[in-house]
Amino acid sequence: MRVIVNGVSHELDVDRNVPLLHVLRDALGLKSVKLGCGLEQCGACKVLVDGAPEFSCRRTVGEFEGMSLVTLEGFANETLHPIQQALLDHNAAQCGYCLSGILIAARALFDANPRPSRREIQIALDDHLCRCGAQPRILNAFCELSANG
Ligand code: FES
Ligand code: FES
C-alpha cells in the first residue's frame with residue numbers, strides 16, 4: 001500500500017490492520033509520533049491527515065491508503081515553525097512526550113485560522129492531556145502567537 005508522509009511517497013509492505021502509529025514509528029522511523037494511552041484519549045499520537053489532526057494509535061494504516069500525512073518531522077526547516085518557537089519563548093516545552101500531538105493540533109488550527117481566539121485554541125487542544133502543569137503556558141504561548149499573527 002502507499003502513503004505519503006511529510007511529502008514523500010512510500011510503498012509499504014505492511015499488514016494493513018496494524019495501527020498507523022506503529023507503521024510511522026517502526027517502519028518509517030518517525031519517532032515524534034508517541035504512544036501514550038493507545039485509546040484515543042490523550043492526543044500524543046496525533047498526526048495531520050490531509051491537513052486535519054487525527055489519532056494514529058487505533059486506526060489502521062489501511063485506512064490511510066493514498067492520504068497525505070504530516071508528522072512533527074515534517075515541520076522541520078532551517079528555522080523552527082512559529083508554533084514551535086512560541087512554545088520555546090514561553091518555556092512551555094516541558095516533557096516532549098505530549099507536545100508532538102499538541103503541535104500537530106496547533107498547526108492544523110493556525111493553518112486554518114492564523115488568529116484563533118483563546119476559546120478556539122482551548123477547543124483545538126481539548127483532546128490533549130498534559131500532566132505536568134504546562135497547559136497555562138502552552139495556552140498563553142498560542143494566544144500570543146495569535147495576537148501577533
Ligand atoms: S496514544 Fe493515541 S490518543 Fe493516546
Ligand atoms: S508538557 Fe508534556 S505532559 Fe506537560
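Angles between two axes that are under 35 degrees count as roughly parallel, over 145 as roughly antiparallel, 65 to 115 as roughly perpendicular, and the rest as oblique. Keep that scale in mind for the helices below.

This is a predicted model, in which local features need pLDDT of at least 70, side-chain atom pairs count only at pLDDT 80 or more, and totals for chains, interfaces and linings use all residues. Residues are numbered from 1 along each chain as its sequence is written, chains are lettered from A and ligands numbered from 1 in the order in which they are written, and side-chain values use heavy atoms, with hydrogens and water left out.

Start with the overall layout. The chain splits into domain 1 (2-75) and domain 2 (82-148). These bounds come from an automatic or database domain assignment. Taken over C-alpha atoms, the centres of domain 1 and domain 2 are 21 Å apart. The contact (heavy atoms within 4.5 Å) draws on 18 residues from domain 1 and 14 residues from domain 2.

How much area is buried between domain 1 and domain 2? About 1,400 Å², and carbon and sulfur atoms give 63% of that area. Buried area is the accessible area (1.4 Å probe) that two parts lose on being put together, summed over both. In domain 1, Lys-46, Leu-72 and Phe-75 lose the most area to domain 2. Together they make up 39% of what that side buries.

Ile-4 lies in strand S1 (residues 2-5). Helices (H or I, at least four residues) and strands (E, at least two) are DSSP runs, numbered from the N terminus. Leaving aside neighbours within four places in sequence, Ile-4 touches Ser-9, Gly-66, Met-67, Ser-68 and Leu-69. Arg-58 sits in the loop between strand S4 (52-54) and strand S5 (68-70). With neighbours within four places again left aside, Arg-58 is in contact with Pro-19, Gly-38, Leu-39 and Glu-40. Arg-58 and Ile-4 are 54 residues apart in sequence, and 19 Å separate their C-alpha atoms.

Next, jump along the chain. Phe-142 is 138 residues from Ile-4, and their C-alpha atoms are 28 Å apart. Phe-142 belongs to helix H5, where it meets helix H2.

Take H2 and helix H5 (residues 135-148) as a pair. Their axes come within 9 Å and cross at roughly 125°. Axes are lines fitted to C-alpha atoms, for helices over the stretch in contact, and angles run from 0 to 180 degrees between N-to-C directions. H2 and H5 are therefore oblique to each other. Pro-82, Ile-83, Ala-86 and Leu-87 of H2 meet Ile-138, Ala-141, Phe-142 and Leu-145 of H5. This contact of H2 with H5 has eight nonpolar residues, no polar and no charged. Ala, Val, Leu, Ile, Met, Phe, Trp, Tyr, Cys and Pro count as nonpolar, Asp, Glu, Lys and Arg as charged, and the others, Gly among them, as polar.

Helix H2 (residues 82-89) also packs on helix H3 (residues 99-112), at an angle of about 125° with axes 9 Å apart. That makes H2 oblique to H3. Ile-83, Gln-84 and Leu-87 of H2 make the contact with Leu-99, Leu-103, Ala-106, Arg-107 and Phe-110 of H3. Those residues divide into six nonpolar, one polar and one charged.

One pair remains. How do H3 and H5 pack? Their angle is about 25°, and their axes are 12 Å apart. That makes H3 roughly parallel to H5.
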